[in-house]
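Please study the sequence and the model shown below. The paragraphs that follow begin with strands and then turn to a helix, a single residue and the whole chain.

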Amino acid sequence: MHRPPFAASRRCLAATLTAILCAQPGLASAGIVSFDEVKREFRSSDTAVLDRNGELLQRVRTDASVRRGQWIALADVSPALRMAMVLSEDRRFYEHSGIDWRAVSAAAWGNLWNTRTRGASTITMQLSGLLDEDLRRANSGRTFTQKIGQTVAATQLERSWRKDQILEAYLNTVPFRGEIVGIDALSRTLFGKAPNGLDAREASVAAALVRAPNAKPTLVAQRACELMRAMEPGQKIDCDAIDMFTSAAVQRRAFDANEGIAPHAARRALRELRETGETAAAASSTAPVRPAANKETALRTTLRAPLQRFALGTLQRHLKELRGRHVEDGALVVLDNASGEVLAWVGSSGPLSQAAEVDAVVALRQSGSTLKPLLYAQAIAERRLTAASLIDDSSAQISTASGLYIPQNYDRQFKGPVSVRTALAASLNVPAVRTLVMVSPESFARQLRAVGLPLRESGDYYGYSLALGSAEVSLLSLTNAYRMLANGGRHGPTMLTARTPGPVPASAAKAKAGDDSAVPILDPRAAFIVGDILSDANARTRTFGLDSILSTRFWTAVKTGTSKDMRDNWAVGWSQRYTVGVWVGNASGASMWDVSGTSGAAPVWAEVMRFLHAREPSRAPRPPAGLVEARVAFGPGADGNPLEAARSEWFLQGTEQGLFALDNGGAGTSSDGAAARITAPADGTIIALDPDIPPLHQRVRFESEGRGVQWRIDGKHFARGNSAQWLPWPGRHVIELVDATGKVVDQRKLEVRGAGVVAKSARR
């Protein structure tokens, strides 16, 4: 009886393979992984960054070698795609047991007569090559041993796996085009949709890419058109339309792996994880968690998704309102006072910014007046000042190694003698500089480093401008320094990644014990006094008014700050449970236009605080032991009225007193009662004469306050009135201010250095 050539060759090949398998028992007994193991070990190229309760915040690309999405169940793959894949790769997939003998025979016969055929590799055989690196196809093709091993593995897969499991695993692990692996990444990248939504045309293009992943779009379209005809027999197929669609699809990159509402926090959390030497599979207290076998690798953070969403929306909305004032960037961070957990992290304004990738939460910017609370806290802790101490807010010229330092207030006006409470709450610059003179820049710089502020230089480098925020700090470190004030002077690190694989417990449970890693940095009594001042709406009225945006219906303490040339604007403050920091400005460093302490960052800070305390109270802290509350009064000013209204004030025990008045022995009083003193030049000024400048153009201006005053130089009468111009000559000189009775009320010592020709001219 005559037998068809295909049947004969199929019987021959089967006999040959059987003989080979018998001769290679090791191949036949090779272990095959289970479907559950393959699914469990599947890794997305992205990491899902979750909030404290497991809600997705951000997906971040963490494997640059491939683009792989989530594991997709076969039931979630469109019927059109399943049909197209089987028709394209293995028409008898549901009939054979791993090896399609008819296809093998056809391939062998075609090779004999040099005829092109589809090939004999089944879906099961392809899957076995994808699962076993030893069987993976190289650029030069598989060796004979690999082909035999692939055949054996396919047979074993069919014995231990169901057909639906084989097809599901294949669809999730098969390479498509370029870096794309798996049907989820392909569907979202090329078609911008989930695999369950693919239609016949999209499915045919996807299946055609398996056969020729990197072929030209025209060749892919031709194959897709053939598949469409097989899928829809009798229907008219527009191959030109498929060609246009394919060309557009293969160029798309719609699958953005970094989508979400917390891109900067996500990258920070992953970087922290890498820096600690942990990997996605590490079993440690901070290891990423995998919510389920068919989900992405996940990293749980301490963030709150609803708060993160609100903070981002509030910041973007407010910055849109400020666009006319040349403001496009901003950042925000919320910390839990007790634990240091980061509850919200907004690193930029997103699409509003031209530098959206810059994380302004950790970027270094000039801090402006936000360092003043830390300065006054140190001065109070060192008993140099009390909250009621008087500091003169007037024109000052402070001699430094590099020349005169002349601080100015924000409004270019001076308030005269003010209490520390008023000076801090109203953010007056000159009193802050005078306070730094007491503390010293180097001592203050050491304190700032102790609370985690990353000062790059020494205190002497910054000089007295350090009181006004010439140093650069990050929003995160500054907000955490304020958290130190909220915690009674105890400083601890912040925490962004969750320490447990499950939902992060409510921080309120930790509030009683506090942060175990916190260490005492500042006297808790000084921290309490500074918080009391920053929560005092009446004390800040001189600068911010009574209806300031900084005032809240619940207890909060807050400070604003603006850096030089209006490049940075800050609002940082705390409530009973939270510390919130906000920065607005431009990542480029460009100046803003007409943005004040209350129109820039403060409105965002206030809105976030209201959101946090919509259903949660915030009460004033209890005073720590060693504090004394006493009634104080203030002496008269130049107009005869009390400098400030009498009030109750907090003191470190032993520093309390009942009356604060001007020290007449130091500043002096003129005959009509007005304070008299020299305001310029500063004591110890060194004047260098330039021989190239005409002597008459090198005069020194004397300035003073008070009435009826006279000037004396080296004991000789020189001039009358509050100002005078002196033609200097080399040497050391004593400048004295004398009142109407002839009493010396103030003096300055200065030195003039210069050429003899100037001296001779000056004497004439």
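Two strands are said to pair if DSSP finds at least two bridges between them. Helices (H or I, at least four residues) and strands (E, at least two) are themselves DSSP runs, numbered from the N terminus. In this predicted model, local features need pLDDT of at least 70, side-chain atom pairs count only at pLDDT 80 or more, and totals for chains, interfaces and linings use all residues. Residues are numbered from 1 along each chain as its sequence is written, and side-chain values use heavy atoms, with hydrogens and water left out.

Strand E1 (residues 46-50) runs parallel to E5, and four bridges join the two. Within this pair, Thr47 stands opposite Thr297 in E5. Both strands belong to an open sheet of three strands with mixed pairing, in the order E2-E1-E5. Its edge strands, E2 (56-61) and E5 (297-300), each pair on one side only. In general, strands of a sheet pair through backbone hydrogen bonds, either parallel or antiparallel.

Cys225 counts as buried because its relative accessibility is 2%, and buried means under 20% relative accessible area (1.4 Å probe, protein chains only). Leaving aside neighbours within four places in sequence, Cys225 is in contact with Ile237, Cys239 and Ile242, where contact means heavy atoms within 4.5 Å.

For the protein chain as a whole, the secondary structure comes to 25 helices and 29 strands. Of its 764 residues, 51% count as buried.

Methods. Buried < 20%, exposed > 50% of the residue type's maximum accessible area, 1.4 Å probe, protein only.
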